Amino acid sequence: MATEMTATKRRRLERAGWKVGGVRDFLELTDAESALVELRLALSKEFRALRVRNGLSQGQVATLLESSQSRVAKMEAGDASVSLDLLLRGLISLGASRRDLAKAIAR
């Protein structure tokens, strides 16, 4: 879970010569790349939450998706090697509606 840096800590780091910024700055992401990363993370978070709400293990979801447990773990982690297609298919297979997907993206 992300944590906010206190203003005091930020000033101390800046005085010491450190440049303080976010992941977007560090990785030099474009607006589109940043939006895609945020979308992937939102869907991954919803995927895990839905799996847990349904009382399913990663292995059970893997069987449902005809995939592997390690792939399901990567889906939940927002791994870039997982296609958005698989992530969406997984969410729908777990019972997510279009409205649920929209809410996950909007959060």
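**Notes on the predicted model**

1. Salt bridges first: the count comes to five, taking a salt bridge as a side-chain nitrogen of Lys or Arg within 4 Å of a carboxyl oxygen of Asp or Glu. This is a predicted model, where local features need pLDDT of at least 70 and side-chain atom pairs 80 or more, while totals for chains, interfaces and linings use all residues. Residues are numbered from 1 along each chain as its sequence is written, and side-chain values use heavy atoms, without hydrogens or water.

2. (Helices are DSSP runs of H or I, at least four residues, numbered from the N terminus.)

3. Now look at H3 (residues 31-53) and H5 (residues 69-77): they pack at about 125°, with axes 6 Å apart. The axes are lines fitted to C-alpha atoms over the stretch in contact, and angles run from 0 to 180 degrees between N-to-C directions. The pair is therefore oblique, the class left over once under 35 degrees is roughly parallel, over 145 roughly antiparallel and 65 to 115 roughly perpendicular.

4. Who touches whom (heavy atoms within 4.5 Å)? H3 brings Leu-41, Ser-44, Phe-47, Arg-48 and Arg-51, and H5 brings Val-72, Met-75, Glu-76 and Ala-77.

Terms used. Helix = DSSP H or I, 4+ residues; strand = E, 2+ residues; numbered from the N terminus. Contact = heavy atoms within 4.5 Å.
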